[in-house]
Amino acid sequence: MKSHYTKLILMSMDTGKKIKLVREATGLKREEFSVRTGVPIGTLIGVEQGRHEPKAGVLKSIAEQWPEYAAYLLTDKIEVVQKKPETTG
């Protein structure tokens, strides 16, 4: 039986892998990606290697630079229609 801690590590590896794939898809090295997103290089390395779960600010920084990857990073879904809650009724 896996512990709660093990589940968190597995989740972070999945998210870290996605971030690495996004970085590679943009054609940027870690240093360049770090500068573009404002995510410290040490944090980026730790997340990509699955050592820790990225905080919301890391995901937000990546999504602001490349909004086309936002849904993928959070949900694995790539065909998503975005809505603003204040405009849906």
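**A walk through the salt bridges**

Let us start with Arg23, which pairs with Glu48 in a salt bridge whose closest N and O atoms are 2.6 Å apart; the term covers a side-chain nitrogen of Lys or Arg within 4 Å of a carboxyl oxygen of Asp or Glu. This pair ties together distant parts of the chain, as Arg23 belongs to helix α1 and Glu48 to helix α3 (residues 41-48), 25 residues apart. Helices here are DSSP runs of H or I with at least four residues, numbered from the N terminus.

The model is predicted: local features need pLDDT of at least 70 and side-chain atom pairs count only at pLDDT 80 or more, while totals for chains, interfaces and linings use all residues. Residues are numbered from 1 along each chain as its sequence is written, and side-chain values use heavy atoms, with hydrogens and water left out.

Back to our pair: Arg23 counts as buried because its relative accessibility is 8%, and Glu48 is buried too, at 7%. Buried means under 20% relative accessible area, exposed over 50%, and partly exposed in between (1.4 Å probe, protein chains only).

Glu48 also meets Arg30 in a salt bridge, at 2.7 Å from N to O. Arg30 sits in helix α2, 18 residues away from Glu48 in helix α3. With a relative accessible area of 23%, Arg30 is partly exposed. Together, Arg23, Arg30 and Glu48 form a network of salt bridges.

Elsewhere, Glu64 and Lys60 form a salt bridge, with 3.5 Å between the closest N and O atoms. Because they are 4 residues apart in helix α4 (residues 56-65), about one helical turn separates them. Glu64 and Lys60 are both exposed.

Key:
Helix = DSSP H or I, 4+ residues; strand = E, 2+ residues; numbered from the N terminus.
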